[in-house]
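Here's a quick walk through a model, starting inside and working out to where the chains meet. Have the structure open while you read.

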2 protein chains.
Amino acid sequence: MTSPLLPQIGVDPPERGDAARNRRLLLDAAALLVAERGVDAVTMDAVACKAGVGKGTVFRRFGSRSGLMHALLDHTERELQQSFMFGPPPLGPGGDPIDRLIAFGHARIAIVEVQGEVQRAAENSLEFRFAAPARAVSVRHVVSLLRAAGVQGDHELLACSLLAPLEATLVLHELRDLGISVERLGAAWEDLIRRVTRC
Amino acid sequence: MTSPLLPQIGVDPPERGDAARNRRLLLDAAALLVAERGVDAVTMDAVACKAGVGKGTVFRRFGSRSGLMHALLDHTERELQQSFMFGPPPLGPGGDPIDRLIAFGHARIAIVEVQGEVQRAAENSLEFRFAAPARAVSVRHVVSLLRAAGVQGDHELLACSLLAPLEATLVLHELRDLGISVERLGAAWEDLIRRVTRC
């Protein structure tokens with residue numbers, strides 16, 4: 001927990017430019033489909049159609065629908081990770097650690113709003129839920145911000161407790177079943193962080 | 001949220017004395033099996049054998065293994081509910097609300113230690129996870145204690161956020177995969193509650 005560098009998730013060998021572009025195109029098409037019509041609408045056919053490529057291209061790229069879903073989650077997590085590791089404040093380095101914690105929760109809630117169903121499916125697979133590299137990165141990020149904010153205590157368990165209410169399954173339940181707005185969720189997260197970090 | 005009385009979960013018509021005793025005997029046998037040998041060891045046969053009754057009795061009582069598991073969870077939740085509604089302090093009425101919140105988390109963690117696998121199976125069924133009456137009772141209990149402790153803010157969402165780290169799936173991961181002790185989990189819960197409730 002003392003290393004200054006966070007491990008990057010799923011670092012693959014670099015892709016050739018057009019392969020990377022192609023992959024990005026397909027994942028953007030899949031993300032758009034999830035946002036517009038829900039996770040069930042994401043079929044290999046629909047993604048191919050949306051991206052304007054042949055179905056074979058989608059299969060060659062991701063192997064199966066579940067491979068595509070996995071790649072989509074990985075893609076989203078990498079983007080978030082890039083933002084909190086290298087992006088501008090308040091999420092990225094340079095900002096106040098408490099503001100960064102608040103921004104981190106807001107960013108997670110915003111992702112759930114769009115991709116929550118895909119995330120929920122992954123969370124309900126036991127192997128994935130806590131073993132995912134993305135989770136370890138999030139825990140370390142929150143631990144490092146708690147330390148930077150001067151919070152004393154069991155940083156690792158406090159980080160686990162703070163990440164628990166950001167899980168997609170719960171956030172989706174609050175948004176959809178309880179009808180709670182994203183703004184109210186974001187305000188509750190900010191309130192929780194301010195309570196936990198005040199000295 | 002203003003009602004002084006918490007709804008009791010699964011209030012069924014009273015059973016005849018020996019039927020109730022019988023049910024209790026079978027559930028105790030099932031709970032013991034989970035504690036000793038894990039959730040997979042709980043078969044109708046094994047429960048009958050442990051309780052010293054015929055297998056037919058177990059089937060007549062619970063219908064199926066999943067009926068038995070459901071009854072086991074319900075039984076555990078009712079016991080906890082009895083304790084925090086009617087039992088002695090620190091969990092029950094009369095104690096300081098902050099001490100009651102701390103005791104509530106400790107009691108939940110202790111249950112996970114014994115019955116976590118059964119709870120985890122239930123949590124990973126989407127219908128059960130947040131729709132369970134027991135969850136609504138827990139949320140209302142935490143809300144009422146936050147109010148009694150003089151905490152200002154969005155009590156409902158704060159209660160949801162505080163219950164999230166007590167979910168069996170996460171607690172089991174912390175106990176088994178991360179090797180964190182029950183004592184350390186309990187201390188982290190107490191720390192979280194003290195941070196959240198201090199004015």
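Start with Leu162(A): setting aside its neighbours within four places in sequence, this residue is in contact with Val142(A), Leu146(A), Trp189(A), Leu192(A), Ile193(A) and Val196(A). Keep in mind that this is a predicted model. The largest nonpolar core has 76 residues, and Leu162(A) and Leu162(B) touch the most other members of it.

Now for the place where the two chains meet.

| Item, chain A with chain B | Value |
|---|---|
| Buried area | about 2,900 Å² |
| Residues taken from chain A | 31 residues |
| Residues taken from chain B | 32 residues |
| Salt bridges | four salt bridges |
| Polar contacts (both at pLDDT 80 or more) | nine residue pairs |

Carbon and sulfur atoms carry 59% of that buried area. On the chain A side, Phe130(A), Leu157(A) and Arg195(A) lose the most area to chain B, and together they make up 21% of what that side buries.

One of the four salt bridges pairs Arg184(A) with Glu156(B), whose closest N and O atoms sit 3.3 Å apart. Which helices of chain A each supply at least two residues to the side that touches chain B? They are α5 (97–123), α6 (126–131), α8 (155–163), α9 (168–177) and α10 (182–197). With six residues, α10(A) gives the most to that side.

Notes
Residues numbered from 1 in each chain as written. Chains lettered and ligands numbered in written order. Predicted model: local features only at pLDDT ≥ 70, side-chain atom pairs only at ≥ 80, totals over all residues. Heavy atoms only, no water. Contact = heavy atoms within 4.5 Å. Buried area = accessible area lost by both parts, 1.4 Å probe. Salt bridge = Lys/Arg side-chain N within 4 Å of Asp/Glu carboxyl O. Polar contact = N/O pair within 3.5 Å; in protein donor to acceptor, adjacent residues only side chain to side chain. Helix = DSSP H or I, 4+ residues; strand = E, 2+ residues; numbered from the N terminus. Core = buried A, V, L, I, M, F, W, Y, C linked by side-chain atoms within 4.5 Å. Buried < 20%, exposed > 50% of the residue type's maximum accessible area, 1.4 Å probe, protein only.
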